[in-house]
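My entries follow in the order in which I looked.

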Amino acid sequence: MSKQEINGVCPFDCPDACGLVLTVENNKVLKVNGNPKHAFTRGTLCPKMVHYEDTIHSPERLKIPLKRVGPKGSGEFVPISWDEAVKTIAQRFKESIEKYGGHSIMPYSYAGTMGLIQKAAAFPLFARLGAVRHNRGICSPAKTYGWQMVMGDTFGTRPQEMSHSDFVILWSLNALATDIHIMHDVNAAKARGAKVWVVDIYNTTTCTQADEVIITKPGTDGALALGILHILERDNLVNRQFIDNYVVGFDELTKEILPQYTPEKVSAITGVPAEQIEKLARAYGMAKAPFIRLGSGLSRYGNGAATVRAITCLPAVVGAYKKLGGGLLSDAKGSFYVNDKIMSWDVHAGKVVPTFPMVKLGEVLTKSEEPIRCLYVYSSNPAITAPDQNLVRRGLAREDLFTVVHERFMTDTAKYADIVLPATSSVEADDIYNSYGHYTSGIGYKAIEPVGESKSNWDTIRLLAKAMGITDPFFDKTALDLIHDLLDQSPNVPDELKTKLFGGEPVEMPVPENYKMNFKTRSRKIEILNPELAEPLPVFTAPHSDTVAHGEFSLINAPDLRILDSSFNERIFDKNKTLMGAWLNPADAASIGVKPGDMVKLYNEQGSLQMPVHIDDGISPKTVVSYGVWWQRYSSDPKHSINVLTSSRLTDYAEGSTFYDVKVDITPL
């Protein structure tokens, strides 16, 4: 095959969903470039995707089905055929349903791919089997809920509007690691004279791009937001006309809540000097078109939804949505345009089905009165990424649990499987993609044939459905058929844009006219007051780390520039360089009595972990930062990785994860 350039989409769990241009020859991807026609990513890629071909053609790719012959977790397997694998899985599923019922089976997946077909591939089958369903809440559902408390289903501000802002806050967003393409708009705003502030819990790499940096105590951002609201109201920096016309509940907030959040009290809660809180509030209130880009980290605390709710009130009281360049982006509503309803669990179950919190996997596998007997894992690596790692691995090690893992690589979860099925990468299957960070969608067509005998998520499910005796013609559809069906049922995508999508172009969907002012709430106004909630007005509540968690140090598992969650761990990294470590500030390291390179033990009620020490002036006092969610082979501890220290405690609303709401003690080894 001659050399070709084929458009694609980055499949990984990132708000940017980059447009790709794949150079392909002889069924091999030679290189990957950014697509300059993509309205948000604009031709650039993050360092991870620049060499996506190294993942696609990694020598560690799984190429044939495998059957376990050694102890669970040992990774000892022998090759088998697809026919034998599918027959074995179907037989075990049927036996389990007959003996224990459909609720003895559970699929577990998340965002190993963000394609609307392949991500949801298992839902139609397992819904029909009556399997147990989880809520997919391992990332940041509390963030979504906190926004909806105030704004309902209102669109988040288009990120490119930031370039017209005169005051930008990157709040809990290490953009250089997790949302790198927003920096196009940050830099455009700066070129026009905008000031950029960063609010975070330690000095991230993005802090170097800011005019001002505020470092808060972990889990206290909600108090900071309420303190800013207090000053805005006190100093008459609110837009009273906007409030009177478009906001419900500000007077009640002013009377009942804000008097409690003076700069001095907020300083005591957050650790931010009162004068810095005053400076931020004045700068925000005096800006013509302030823009907040809200990250997800602050929602991964026990008070996550309440925190987002308080921050979401800020643009409302200054009338930011009336201004070009003003507003707040938490998440973009890509599903308004291209939706995946045809793949949804409830559609195929024929009813609304209860869910359990995804972060409770360890408890479900070890403590359920009616145990899960069959587990089907795809697009996820829970042995590494799920909280309460000791409990999760204990569950995966059950000899009476029949586990299937559909994967590209021999992950730590795959080592616990009874059957391992080889999966395709995104360039070996068709799919369609939204983004949760902007409004551009795209189709990624199959660019090369599957590596080895690997099969896509959907093609594997089709085989299993047939083996289970399901004759519904829905399972005869290819991924391309489903993409066409999905777009046929997406009335908010204009026909001319559907044509462009089918042609492989990235398409930015047109936001509705005056979309920022079209408040999709019950009152059709911004609802600071919501009497149907347990807390009708925004308040600050303490995170778990100030209540039920124990330890002297706050543990932050921050993103690593080289990997994304546990994706990209298949890359061959230098084993002589420390991949997992404990970053401390000099004073804390001195108080513990350690120097760079020394080994320490981090421990709490969940477990313990060994790591080497690194010193960084940018780490806040009584905080320890560890970068990346590394596979076990890259851990400096022989038995555990970072999530041995995290718990399955839930957020205040939406049953989300609290990965950052963790305390540990540290002792030298």
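The entries below take the pocket, then the cavities, then the helix pairs.

**Entry 1, the model.** I note at the start that this is a predicted model, and that every value I write down here is computed from it.

I looked up the volume of the largest pocket and found about 1500 Å³ of space in it. Its lining is made up of 48 residues, and those closest to its centre are Tyr-110, Lys-119, Thr-144, Ser-335 and Tyr-436. I then sorted the lining by class, and I recorded 20 nonpolar, 18 polar and 10 charged residues.

Which element gives the largest share of the lining of the largest pocket? I found that helix 4 does, with 5 residues. Strand 6, at residues 105–109, helix 4, at 141–151, and helix 13, at 345–349, each supply at least two residues of this lining. On the level of domains, I noted that domain 1 (66–137 + 337–431 + 448–490) and domain 2 (141–330 + 513–527) each contribute at least three residues to the lining of the largest pocket.

I next asked how many cavities of 30 Å³ or more the structure holds, and the count is 3. For the second largest cavity I wrote down a volume of about 80 Å³. It is lined by 16 residues, of which Gly-8, Val-9, Ser-441, Gly-442 and Pro-506 are the closest to its centre. Strand 1 (4–9) and strand 17 (440–444) are the elements that give two or more residues to this lining, and the largest share, 4 residues, comes from strand 17. By class, the lining of the second largest cavity divides into 5 nonpolar, 10 polar and 1 charged.

I then turned to helix 7, residues 221–234, which packs against helix 12 at an angle of about 25°, with the axes 7 Å apart. Because angles under 35 degrees count as roughly parallel, helix 7 is roughly parallel to helix 12. The crossing of helix 7 and helix 12 is left-handed.

The last pair I looked up was helix 2 (residues 82–100) with helix 17 (residues 457–467), whose axes lie 9 Å apart at an angle of about 55°. Helix 2 and helix 17 are therefore oblique to each other, and I noted that helix 2 passes helix 17 in a right-handed crossing.

Methods. Residues are numbered from 1 along each chain as its sequence is written. This is a predicted model: local features need pLDDT of at least 70, side-chain atom pairs count only at pLDDT 80 or more; totals for chains, interfaces and linings use all residues. Side-chain values use heavy atoms; hydrogens and water are left out. On a 1 Å grid over the protein atoms alone, a cavity is a set of points where a 1.4 Å probe fits but cannot get out, and a pocket is an open set with protein on both sides within 12 Å along at least five of seven lines; lining residues have an atom within 4 Å of a point. Grid points are joined across faces, edges and corners, and a volume is the space filled by probe spheres set on the points. Ala, Val, Leu, Ile, Met, Phe, Trp, Tyr, Cys and Pro count as nonpolar, Asp, Glu, Lys and Arg as charged, and the others, Gly among them, as polar. Domain bounds come from an automatic or database domain assignment. Axes are lines fitted to C-alpha atoms, for helices over the stretch in contact, and angles run from 0 to 180 degrees between N-to-C directions. Angles under 35 degrees count as roughly parallel, over 145 as roughly antiparallel, 65 to 115 as roughly perpendicular and the rest as oblique. A crossing is left-handed if the near helix is turned anticlockwise from the far one by less than a right angle, and right-handed if clockwise.
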